[in-house]
Amino acid sequence: MGEHIIKMPDVGEGIAEAELVEWHIEVGQIVREDAVLAAVMTDKATVEIPSPVDGKVLWLGAEIGDVVSVGAPLIRLEVEGEGNVAAGAAAPAAAASKPAAAQPADEEDGAPPAAPAQAAEPAPELKTVPKPQPAAKPLGAGAGTVAMAPGAPRGEHEKPIASPAVRHRAREAGVDLRQVRGTGPAGRITHEDLDRFFAGQDQRPAAGGLVADTSVSEIKVVGLRRRIAEQMTLSKSRIPHITYVEEVDVTALEELRGKLNAEKGRDRPKLTILPFLMRAMVKAIAEQPRLNARYDDQAGIIHQYGGVHIGVAAQTPTGLVVPVVKHTEARDIWACAAELSRLAEAARNGTATREELTGSTITITSLGALGGVVTTPVINHPEVAIIGVNKMMIRPVWDGSAFVPRKMMNLSSSFDHRVIDGWDAAVFVQRIRSLLETPATIFIEG
């Protein structure tokens with residue numbers, strides 16, 4: 001018998017390290033060639049690491065949430081034959097670059113140390129991981145979605161997230177994993193969750209009974225959630241926000257949207273409010289190009305862009321992502337809607353590329369039907385403006401002689417007050433309001 005060390009593979013795009021977000025194996029488990037061993041996350045994409053050989057897992061070199069350098073030892077397998085480890089060589093160092101990395105299992109077990117890899121390993125074939133979650137949608141008006149909270153009850157047709165080992169244990173015990181609360185990232189069910197379920201500490205109360213829940217779960221912030229936290233912290237710590245809220249009468253816009261959707265034919269996507277808002281923003285930016293910019297506050301330089309690349313915040317079960325509709329200034333209403341739909345599908349499947357998730361110059365955020373009356377959007381650093389869409393509601397509006405029902409919607413928009421004055425912010429939002437309230441003007445060129 002020999003040993004085979006699997007190192008952190010090159011995940012491409014010149015990336016030197018990646019965050020471990022999932023283990024699909026555990027020490028002592030037998031794995032087969034091509035079986036998925038782990039998942040790691042780069043800037044935006046998640047990729048799986050398959051096994052290049054058959055073997056038994058001896059050691060895992062990192063914990064969930066650890067950042068692992070490319071080329072660092074990640075997994076050690078016991079294999080038939082000589083493997084790729086020299087006899088008597090020292091044990092590999094922990095793979096993670098963080099001090100909290102896991103200790104080698106054989107040290108804990110008192111087993112002999114392993115050796116470093118003897119020769120360079122061919123990189124495993126990596127693939128982007130489709131998110132095993134329900135659909136995510138761009139948060140356009142009327143399209144609001146909410147991420148599933150960890151531990152929430154699962155629907156009849158919903159597939160819980162769990163490793164093969166956890167699934168095997170549950171299957172052997174006759175347990176339906178949909179009934180088990182998951183405390184891992186994105187509600188992933190861990191062995192500890194299963195243990196609690198077996199111990200009767202996670203059972204649902206009997207019908208009509210009220211049971212005090214004294215449990216406290218520790219959920220490590222990893223993967224996309226951690227990146228969101230870092231980005232939000234960066235934005236709020238570096239950008240002094242000013243938020244401006246304006247009410248928009250979208251009655252005429254809704255009439256036009258309904259008519260266009262009724263006559264669009266099968267080859268065109270359904271229009272939401274977002275494509276109209278995107279085109280209105282393009283026209284407003286043409287008059288105030290400083291709003292379409294990224295501010296390098298370290299260098300003291302505003303990068304003002306000719307192309308309007310609009311990021312559209314989209315909620316997924318694992319967290320917030322921002323697909324980018326590039327060159328909106330060159331797309332009409334239908335092209336904006338089609339590109340938005342394509343990107344939403346990519347975000348839903350977890351196949352959106354890094355290029356599709358970066359490069360925005362201004363962002364739209366919305367909670368759609370759940371949008372409330374007012375929000376305080378956080379600017380997507382290093383941009384200088386973000387347009388927030390609130391819930392559309394029918395309200396009584398005084399027309400000079402009587403109250404009439406109108407479809408009203410608030411825009412809650414934030415700006416970087418270091419480079420955008422309140423007056424300019426107000427003029428920008430008022431221009432968008434004017435275009436949305438008289439939607440025919442959105443289609444007038446020049």
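Visitor: Which residue in β20 stands opposite aspartate 249?

Guide: Methionine 408 stands opposite aspartate 249. Keep in mind that this is a predicted model.

Visitor: What makes β11 and β20 a pair?

Guide: The bridge count. β11 and β20 (residues 403-416) have 9 bridges, in the antiparallel sense. Pairing takes at least two bridges, so the term applies.

Visitor: Why are β11 and β17 called edge strands?

Guide: The sheet is open and holds 6 strands, in the order β11-β20-β19-β18-β14-β17, with mixed pairing. β11 (241-249) and β17 (324-325) are its edge strands, as each pairs on one side only.

Visitor: How do you know that β3 and β6 pair?

Guide: They have 2 bridges, and the sense is antiparallel. The definition asks for at least two, so β3 (residues 30-31) and β6 (residues 55-60) qualify. Valine 31 stands opposite glycine 55 of β6. β6 is also joined to β8 (residues 73-79) by 4 bridges, again antiparallel. There, lysine 56 stands opposite glutamate 78.

Visitor: Why is aspartate 34 called exposed?

Guide: Its relative accessible area is 58%. Exposed means over 50%, so aspartate 34 is exposed. Aspartate 34 lies in the loop between β3 and β4 (36-41). Its phi is near 80 degrees, a positive value in a residue other than glycine.

Visitor: Why is histidine 327 called partly exposed?

Guide: The value is 41%. Histidine 327 sits in the loop between β17 and α7 (333-349). Phi of histidine 327 is positive too, near 50 degrees.

Visitor: What else is found in the loop between β18 and β19?

Guide: Proline 382 is found there. A cis peptide bond joins histidine 381 and proline 382, with omega about 10 degrees.

Visitor: Where does pLDDT stay under 50?

Guide: Over residues 98-120, for which the model has 60 contacts beyond four places in sequence. Residues 130-152 also stay under 50, with 68 such contacts. The protein averages a pLDDT of 82, and 79% of the residues score at least 70.

Definitions and conventions:
Residues are numbered from 1 along each chain as its sequence is written. This is a predicted model: local features need pLDDT of at least 70, side-chain atom pairs count only at pLDDT 80 or more; totals for chains, interfaces and linings use all residues. Side-chain values use heavy atoms; hydrogens and water are left out. pLDDT is the predictor's confidence in each residue, from 0 to 100. Contact means heavy atoms within 4.5 Å. Buried means under 20% relative accessible area, exposed over 50%, partly exposed in between (1.4 Å probe, protein chains only).
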